[in-house]
Amino acid sequence: MIHQARLRILPLVVVLAAAAAQAAYAADFAAFPWPLRLALGLFALSVATAPAYWFGARAEADLAQRLAAGIDTALRRHEHGSLAGHEMKTPLTGIKAYLELLADGDADDDATRAEFLAGIGSQVERLERTIDELLAPMNGGGRRVVQQTAPGAASDAFVQPVTLGKSSSFEGG
Amino acid sequence: MSASILICDDEIHIVRAVQFKLTRSGYDVRCAADGQQAWREIERCPPDLLITDYQMPNMNGLALIERVRERAETRELPVIVLSAKGFELSLRELADRWGVLQVMDKPFSPRQLLRLVEMALMPRAVLAEN
């Protein structure tokens with residue numbers, strides 16, 4: 001804000017100082033009262049220093065702008081990383097939990113085992129979609145979509161990549 | 001009488017796996033899909049232990065814990081937090097200010113969670129036996 005105010009007012013200062021210097025040159029400078037001579041001297045000093053001041057202000061403004069942009073980018077990267085981490089860890093948790101229950105023999109009957117396998121399959125698909133979402137910007141906006149080989153079967157986890165389509169938003173969770 | 005545990009998470013598969021593991025281990029398990037639903041369950045019948053996700057719709061885990069700590073009947077309720085954003089949470093604040101026993105980072109192991117639950121409920125069980 002301060003930098004922008006300085007940038008706006010400086011051209012006016014330069015013009016006024018140049019006009020004052022011109023007036024002093026045309027008139028009998030020594031005959032002027034001392035306050036007027038002092039004021040004209042200050043104007044002349046402004047003319048001499050204004051370019052450096054103006055360029056300095058512009059450099060400061062540029063630096064401030066670059067810093068703000070850098071901070072903004074870092075924050076957005078952090079948010080994106082945080083969101084990506086959350087979106088990947090959530091289905092991983094389901095997969096890990098179901099696998100552990102199956103490995104420990106906690107699922108006593110076929111129905112429960114099939115339920116857990118189907119859960120693993122759906123979470124694998126979700127994880128794939130999330131990874132595609134994350135990689136989409138690097139692949140020119142396209143994404144890989146998956147198709148079930150046998151809808152409803154426990155083998156839903158094994159899916160085939162088919163076509164490229166538009167990107168969709170992250171799932172909640 | 002088995003200890004009652006309330007699980008609160010908006011991820012159905014996580015709730016299902018945790019519920020299965022804890023029920024199989026003999027606990028009386030109730031489930032809620034968000035903080036508001038969990039709070040209604042707590043008001044209806046306070047559990048012996050609350051396991052809650054941190055990031056949820058309607059009311060998040062921290063808001064739920066705040067409510068739990070504000071109410072006299074549930075002020076001492078043991079709480080375990082599940083989170084996929086563990087590194088972003090202030091664990092000290094959760095422990096010191098909100099009395100959270102432990103934050104379990106996702107992906108977690110149901111086996112480890114069960115051990116933690118047993119530890120969290122052990123003093124009560126021992127007291128009940130005496």
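Residues are numbered from 1 along each chain as its sequence is written, and chains are lettered from A, with ligands numbered from 1, in the order in which they are written. In this predicted model, local features need pLDDT of at least 70 and side-chain atom pairs count only at pLDDT 80 or more, while totals for chains, interfaces and linings use all residues.

Me: What pattern do the elements of chain B follow along the sequence?
Reply: Helices (H or I, at least four residues) and strands (E, at least two) are DSSP runs, numbered from the N terminus. Chain B has five helices and five strands. Read along the sequence, the pattern is β-α-β-α-β-α-β-α-β-α.

Me: In what order do the five strands of chain B stand in the open sheet?
Reply: Two strands pair if DSSP finds at least two bridges between them. β1(B), residues 4–8, pairs with β2(B), residues 28–32, over five bridges, and four bridges join β1(B) to β3(B), residues 49–53. β3(B) in turn pairs with β4(B), residues 79–83, over four bridges. The pairing is parallel, and the order is β2-β1-β3-β4-β5.

Me: Why is one side of β2 and of β5 in chain B left without a neighbour in the sheet?
Reply: Strands of a sheet pair through backbone hydrogen bonds, either parallel or antiparallel. In chain B, β2 and β5 (100–105) each have a single partner strand, so one side of each is left without a neighbour, and both stand at the edges.

Me: Which residue is the bridge partner of C8(B) in β2(B)?
Reply: β1(B) and β2(B) run parallel. On the β3(B) side, I5(B) has L49(B) as its bridge partner. In β2(B), the bridge partner of C8(B) is A32(B).

Me: How many of the five residues of β1(B) are buried?
Reply: A residue is buried if 20 or more other C-beta atoms, placed from the backbone, lie within 10 Å of its own, exposed if 12 or fewer, and partly exposed in between. Over chain B, buried residues make up 39% of the 130 residues. Strand β1(B) is mostly covered, and its count of buried residues is four.

Me: What handedness does the β-α-β unit of β1(B), α1(B) and β2(B) have?
Reply: A crossover is right-handed if, with the strands pointing away from the viewer, the path from the first strand over the helix to the second runs clockwise. The unit made by β1(B), α1(B) and β2(B) is right-handed.

Me: About what angle does the direction of α2(B) make with that of β1(B)?
Reply: Axes are lines fitted to C-alpha atoms, for helices over the stretch in contact, and angles run from 0 to 180 degrees between N-to-C directions. Two residues are in contact if their C-beta atoms, placed from the backbone, lie within 7 Å. Helix α2(B), residues 35–44, packs on the sheet, touching β1, β2 and β3 of chain B. The angle with β1(B) is about 160°.

Me: Which element gives the most to the side of chain B that touches chain A?
Reply: The contact takes 20 residues from chain B and 19 residues from chain A. On the chain B side, α1 (12–24) and α5 (110–129) each supply at least two residues. With seven residues, the element that gives the most is α1(B).

Me: What percentage of the residues of chain A count as buried?
Reply: Chain A has three helices and two strands, and its elements run α-α-α-β-β from the N terminus on. Of its 173 residues, the buried share is 13%.
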